[in-house]
Amino acid sequence: MAAPLEGFLTDEQREVLKVATQNTEILSSSPKSPSWLTSEHQIKAPAGERAPNVGIAVRHVRRSHSGKFVKVKKDGGGGKGTWGKLLDTDGDTHIDRNDPNYDSGEEPYQLVGSAVSDPLDEYKRKVASIIDEYFTTGDVDLASSELRELGSSEYHPYFIKRLVSMAMDRHDKEKEMTSVLLSALYSDVISSTQIKQGFFMLLESADDLAVDILDTVEILALFIARAVVDDILPPAFVTRAKKSLPESSKGLQVLQTAEKSYLSAPHHAELVERRWGGSTHISVEEVKKKISDLLREYAESGDTSEACRCIRQLGVAFFHHEVVKRALVLGMEIRAAEPLILKLLKEASEEGLISSSQMVKGFARLRESLDDLALDIPSAKSLFESLVQLAVTDNWLDSSFVNSNGDVSVTETKDDEKLGRYKKEITNIIHEYFLSDDIPELIRSLEDLKSPEYNPVFLKKLITLAMDRKNREKEMASVLLSALHIEIFSTQDIVDGFTLLLESAEDTALDILDASNELALFLARAVIDDVLAPLNLEEIGNRLAPNCNGSETVHVAQSLIAARHAGERLLRCWGGGTGWAVEDAKDKIVKLLEEYETGGVVGEACQCIRDLGMPFFNHEVVKKALVMAMEKKNERMLDLLQECYSEGLITTNQMTKGFGRVKDGLDDLALDIPDAEDKFKVYYEHATVGGWLVPV
C-alpha cells in the first residue's frame, strides 16, 4: 500500500511524511518524552517559497485535502477539513446514568465544605444540656457526675459562665439551684482558680449580658455576693477584679453593687442566702423537724417503704443517727408503735439506707441521754436495754455495742460527783445568760461555784450550746469569752477549752451539721477579740492528731485570720451585733477621754463610762487612759481612774487587767513614746500607793 501512495506524493510531501513517522516512533517507544522532543521543528518550504506556519510543531500540523497546511487542535481534535478525533470533547458531555456502561467515576468531582469541629464548642453544647437537665431534675449529684465524666476540665470556667448566665434569665428557683450547685462542685470537681476565672469571664461579658437581661448588674452582683458568702470566692476577689476592669464597664458596676449593697450590709450573710428564697445550708432544726414528722406519719400509716423513701429524700446520710435516736424515743413514748419502729430500723439497715456506724451512733446518743429521758419516761433504761437486745438478736445492731459480759452499757463512765454537779450548774447558768444577756451576773455565778479548774469545761459547754442555736447566741458567746478572759479566765483556760472542743469535733458534728466551720469561726473570732494570740492556734493544733477534724478546723481558722479585712468580716461573722458594739465602745472611750482631757470634769467622764453599759470592758478605759497620759503628759487621767475606782465604777480586777495590758504592750509603745516604760513605773507606783491598784 505504501508504494502506490508514494506515487501520488510529491517530494515535499514525502519529506513531511518521513518526519511525522519518525516522531511517532519516538513517542511510542518512550513513556516519558525527553526534553529535547519539546523543541519546535521547522517545516522546510519548497525552493523559492516562504516557509508556511513557521514555528508550529510538527505534530500539531496537518495538511488538508486541498494540499494546504493547517494548524489543528491539540491531540488531533480536528479542524476545518478534518474528521476530528475519536471522542470529541469540544461539546458538552452528557453522562447517562441509565447507560449499561455507566461508570460513577466519570461523574465530575464536587468539593463539599465541612466545618472543623472545635472542642470548646462541643464542650459548651454538652454542658448546656447538663444545665438544662439539672434545672429540670434538681439532682446535684447527677449534674456533678456528668460534668466529671465529660472531662475537659480546662474548660470548667466556661461552665461557670454558662451556668450563671443561663440562670440569670430564669426564675429565682433556678438562681438558687445554681448557687447550690456551685457550692457542691467547688473543690471536688471545679477548682477555686477555675471558679474565679469563670466569674471574671462573667464580669467581662456583663456589657453583652445587659443587652438581653436588663437587671444584669443587680443579678450578677448577687451571684458574686452569694459566692463570697458560700466561701467559694474569696473576699479579695472583688478588690482584685476591680483593678482589671475598665472604669466604664458594667463589670465594675457589678462589683461595686456587690460590695456596697450586699457584702457590707448588716446581717449580709442571711440576707444574701435568703434572697432567692432558700439557702445552701439546711439548719439542724429543719432536719430534726422533718425527721420527727416523717416518723410520726410512719407510726400512723405503717408504710415502711414510704418512710424509707422519705429518709432517703432527706439527703443527709451523715445525720441518720438522729433518725435512729428519734425513732427509738418514739418507740418508748408510744408503746404500740415499737414493733413498727423496730421493723423500720431493721429494713433501713438491711437496705443499706442506714449504715451500721450510724445505727451504733444513734443508739449511743440515746444511751447518753437516758438520765434526762427517764424524767419523762421512768422506764426508759429498761426499755432501752430490751430494744438493744432485740436489735442485736436480729443482726441490725453491731454486737460490739454490748459489753463482753453481756450487759448493756447503759451509761458511760460517769465523771466524779463534783464535775457532774458543775456541768449541771453551768448549763443552767448559760441558758440564763442567753435569756438575760447579763455578763456581770454570769461572772458572779461562776465565781460562786468556786471551781476555776473546770474553766475549760465551761468554755466547751458554752460554745457547744451556742453552736446549736441562732447567730444571736453565737455572738453572745464570743462576747462572753472576751469578758471571761479579762475577768476570771486565763489564756491557758481558753486554750484548754478549745482543745477539748476540737478533740470531740467529730462527735459534735453528729448533732450540728456545720460544726467544723462554726468552730473555726469561734477560734478566729477569739483571735480577733484578743482572747487568743495567733501562736495559741499553733499550740492547739500541735495538741491534736494530724489530719483529724480538729486540726483541719484549726487550719481553716488560720486561713480566715489571714484573709484580707479579716477583722471586719469576723466581727460580723454572726451577723454583727455586740461585736460591733465593742468596736463602737472603743471609739466612745477615746472620745470621752479626749473630752475629759480638754474639760477636766470628772463627774461627767464617770457618767459617760457608766453609760457605756459594758462593765466587763472597763479595762479598756484603764488602758487608753494610761496611754493618753503618756502621750499628752497629762496626769489628770490618773485622777479619773482613781475616782472611778472609788465609786466602784471600775473594779480591782478591771483595773489590774488594764495595767497588765499596757505593760504587755510597752515594747510597741516605746516606738512612739521612748520613755513609756519609765512613765508606766511611775503610774504603777502612784496607783499602788493610792490604794486603787493591787500590786501583782
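Which residue follows α36, and what is its phi? Gly691 comes directly after α36, and its phi is positive, near 85°.

1. Basis. This is a predicted model, in which local features need pLDDT of at least 70 and side-chain atom pairs count only at pLDDT 80 or more, while totals for chains, interfaces and linings use all residues. Residues are numbered from 1 along each chain as its sequence is written, and side-chain values use heavy atoms, with hydrogens and water left out.

2. Helix α36, length. Helices are DSSP runs (H or I, at least four residues), numbered from the N terminus. α36 covers residues 676-690. The expected span of a helix is 1.5 Å times one less than its number of residues. For the 15 residues of α36 that gives 21 Å, and the end C-alpha atoms are 21 Å apart, so the two agree.

3. Helix α36, faces. Buried means under 20% relative accessible area, exposed means over 50%, and partly exposed lies in between (1.4 Å probe, protein chains only). Ala676, Lys679, Phe680, Tyr683 and Ala687 are buried in α36. They sit on the same side of the helix, because they cover an arc of only 100° around its axis. That arc is taken from the directions from the helix axis to the C-beta atoms. Asp678, Glu685 and Val689 are exposed, on the face turned away from the buried side. The cover over the buried residues includes α32 (618-632), α33 (636-646), α34 (652-664) and α35 (666-672).

4. Largest nonpolar core. A nonpolar core is a set of buried Ala, Val, Leu, Ile, Met, Phe, Trp, Tyr and Cys residues joined through side-chain atoms within 4.5 Å. The largest one has 55 residues. Phe159, Phe199, Leu203, Leu220, Phe223 and Ile224 touch the most other members. Helix α9 (residues 216-229) gives the largest share of this core, 11 residues. Contact means heavy atoms within 4.5 Å. Leaving out residues up to four places away in sequence, Ile224 touches Phe199, Leu203, Leu233, Val238, Val254, Leu255 and Ala258.

5. Second core. A separate core holds 54 residues. Its members include Ala520, Ala524, Cys548 and Cys573.

6. His485 and Asp530. His485 is found in helix α23 (residues 471-487). Its relative accessible area is 16%, so His485 is buried. Beyond four places in sequence, His485 touches Ser490, Thr491, Ile494, Asp530, Val531 and Lys657. Asp530 lies in the loop between α26 (515-528) and α27 (534-543). Asp530 has a positive phi, near 65°, though it is not a glycine. At 45% relative accessibility, Asp530 is partly exposed.

7. Asp437. Here too a residue other than glycine has a positive phi: that of Asp437 is near 60°. Asp437 lies in the loop between α20 (417-436) and α21 (439-449). Its relative accessible area is 40%, so Asp437 is partly exposed.

8. Cavities. On a 1 Å grid over the protein atoms alone, a cavity is a set of points where a 1.4 Å probe fits but cannot get out; lining residues have an atom within 4 Å of a point. Points are joined across faces, edges and corners, and a volume is the space filled by probe spheres set on them. The structure holds 2 cavities of 30 Å³ or more. The largest share, 4 residues, comes from α20.

How values were computed
Helix = DSSP H or I, 4+ residues; strand = E, 2+ residues; numbered from the N terminus. 1 Å grid on protein atoms, 1.4 Å probe; cavity = no way out; pocket = protein on both sides within 12 Å on 5 of 7 lines; lining within 4 Å.
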